Amino acid sequence: MRLSRLFLPTERQPPADAEAISHKLMVRAGLVRQVGAGLWSWLPAGWRVHQRIVQIVREEIDAIGGQEMLMPVMHPAELWKRSGRYGFPEQFRLEDRKGAEHVLAMTHEEVVTLHVANAVRSYRDLPKILYHFQVKERDEPRPRAGVLRTREFIMKDSYTFDRDAEGLQAGYDLHDQAYARIFDRCGLEWYRVESDVGMMGGSMAHEFMAPCAAGENEVALAPGYAANVEVASAEAQPVEHTALTGSLDTPGATTIEAVAAAIGAAPGQLLKAFPVVLDGGERVDVFVRGDHRVNEIKLRNALKSDFRPAREDEIGRPAGFLGPSSDVRTVFDAAIAPGPYVAGANREGVHEVVTVDGGERLDVRTVVAGDTVNGSAIAIEPAIEVGNIFKLGTRYSEPLGASYLDESGREHPIWMGSYGIGPARIAAAAVEQFHDEQGIAWPKAIAPWDVEVVALGKPGSDEARAAQALYEELRTVGLDVVLDDRAAGAGEKFADAELLGCPLRLTVGRRSLESGAAEAVARRGRADLDPVPLDGAVEAVRERWGALP
RNA sequence: CGGGGAGUGGCGCAGUCUGGUAGCGCACCCGGCUGGGGGCCGGGCGGUCGCAGGUUCAAAUCCUGUCUCCCCGACCA
């Protein structure tokens, strides 16, 4: 490709409202452009990156026996009503000309299960791995950070169909291993974490996380331990107890900070009340240490029920002064070590010292940096979720009637798994992880081009002709090469090359004609490599190429 | 959904408070110079100031309404 003809609108300045590095650089480098909130076009160079990632994913899913197909983006609403997933706030809904309801797909469990339900009869038809790359539509409440969180994006989603839990485990493991190969091949720093199963239902889930500053997820890390903070569990740091007894007048002190200040105690000596009402209507008072926060996902999982905050009239005691009460089911967070704590006295303006010992214990708090796992302090860092794997079990096969007959002719629901990867997020994560002041430094597996040949001198000059000859020679041996043959100054060409971030840059100018070699620079680290002789360039480039990240 | 901010040539911005008919840098076009880090000189093109209504002799500027986008938080199959 010649830059003089490429649609590559680079910008000197980032968009005024961009915050995330990948947002700024991908726009500046001419890879993507915004169309609306959470709606993005991929321009030619950006699409090459996307397609290279897609191809890596395709190869690895094919390698575990996946069969690529394609399902539509628009679905009859009825199908989603059957699965019980109709009416999510994120779901785009529309009507056709006849007034029939449709939805735009957030994922494809319903459709793929429909096909399997209609076609699979026998255990002999299992297992199956089906996948596709298709647009997903989600009406996100807040799209952000360029291509990191969008309302429309392409996802590779695969689905496994097995006869039982063991089969599902095998399909799950295959994906786990394929994903590891995919992210390694893409050149990302990544790790696998335990995660919440969320609204997907199912019994087990892991996320593949690429650490970076713009990440929306928080991950708790310790040697041998990695978990999404949504589900992470750790030993709390101990609190020192100062001697306090009896009841304490705390008029107007309704927050932890205010109470701690009023009585001269550390927040960790207090109990924080979190009154909720479960789905079934049961009232529960949850207590965590004053310096901790309730983790609503962990709480929901621990209570095995959705819940909502209790209203004041349901609590029946003055909010802000709640303490343990024998009148209502009471749950203490596991991090509340037995001992005395300051809690509300269930009377306006009064706190009192209570002794917690035993009681119903559940782990429902959000871990904080410094907590320990196996004696090691955890760190919490942001990361982008680039892939996830879910065990769905029979959550979709039952409502949608996907079943098979076993050897004895008995009918069973099919066991399913669901596995997603977002190529756009891999691209953005790579930019977040590998960039410098000048621009992007792509991992070579997903760069838009392998080599950028910068031709200095006027178009038509000896330098330009030598650059073109080099460009053509490298192309003939299968390298993806882009030639900067524009009539621009050297500085502009170097600046654009560093923005775009191809792993290897070869410069052909007057000096090259004198020395008979093109200068070679590795983009990552902007490191000078041994020059590439113009005569015999292919071998030299191959050799330089092999050492690049 | 709560809070904050912004819409003025392709990009980044000034002008709005104090109304007088739109400006700067970059980019772009033409000519020339330069040709190894966004170079220089000269000459140009391009915007009914998000949209609608109102006030006024006169609106980018004041008033009302509305749309869109961004950031923080909540949310995030």
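This is a predicted model: local features need pLDDT of at least 70, side-chain atom pairs count only at pLDDT 80 or more; totals for chains, interfaces and linings use all residues.
User: Let's start with Glu110. Where is Glu110 placed, and is Glu110 buried or exposed?

Analyst: Go for the secondary structure, then the accessibility. Glu110 sits in helix α4, which spans residues 109–119. Its relative accessibility is 0%, so Glu110 counts as buried, the cut-off being under 20%.

User: And what does the side chain of Glu110 make a polar contact with?

Analyst: Look for a partner side chain. Here that's Arg85: the two side chains make a polar contact at 2.8 Å. Leaving aside neighbours within four places in sequence, Glu110 is in contact with Leu79, Trp80, Ser83, Arg85, Tyr396 and Leu400.

User: Tyr396 is on that contact list. Which residue lies over the face of Tyr396?

Analyst: For this kind of feature, check the ring centre. Arg395 lies over the face of Tyr396, 4.4 Å from the ring centre. Another case is Lys444 over the face of Trp545, at 5.2 Å from the ring centre.

User: On to rings with rings. How many aromatic pairs does a search of the whole structure find?

Analyst: The search turns up 9. One of them is Trp190 with Phe208, a tilted pair at 5.8 Å centre to centre with 40° between the planes. That pair links distant parts of the chain, 18 residues apart: Trp190 is in the loop between α5 and β9, Phe208 in strand β10.

User: How do Trp190 and Phe208 count, buried or partly exposed?

Analyst: Take each ring on its own. Trp190 counts as partly exposed because its relative accessibility is 23%, while Phe208, at 0%, counts as buried. Ring pairs also link Trp190 and Phe208 with Tyr179 and Phe183 into a cluster.

Conventions. Residues are numbered from 1 along each chain as its sequence is written. Chains are lettered from A and ligands numbered from 1 in the order in which they are written. Side-chain values use heavy atoms; hydrogens and water are left out. Helices (H or I, at least four residues) and strands (E, at least two) are DSSP runs, numbered from the N terminus. Buried means under 20% relative accessible area, exposed over 50%, partly exposed in between (1.4 Å probe, protein chains only). A polar contact is a pair of N or O atoms within 3.5 Å; within protein, one must be able to donate a hydrogen and the other to accept it, and residues adjacent in sequence count only if both atoms are side-chain atoms. Contact means heavy atoms within 4.5 Å. Rings of Phe, Tyr and Trp (its six-membered ring) pair if their centres lie within 6.5 Å; planes under 30 degrees apart count as stacked, over 60 as edge-to-face and the rest as tilted. A charge sits over a ring if NZ of Lys or CZ of Arg is within 6 Å of the ring centre and within 35 degrees of the ring normal.
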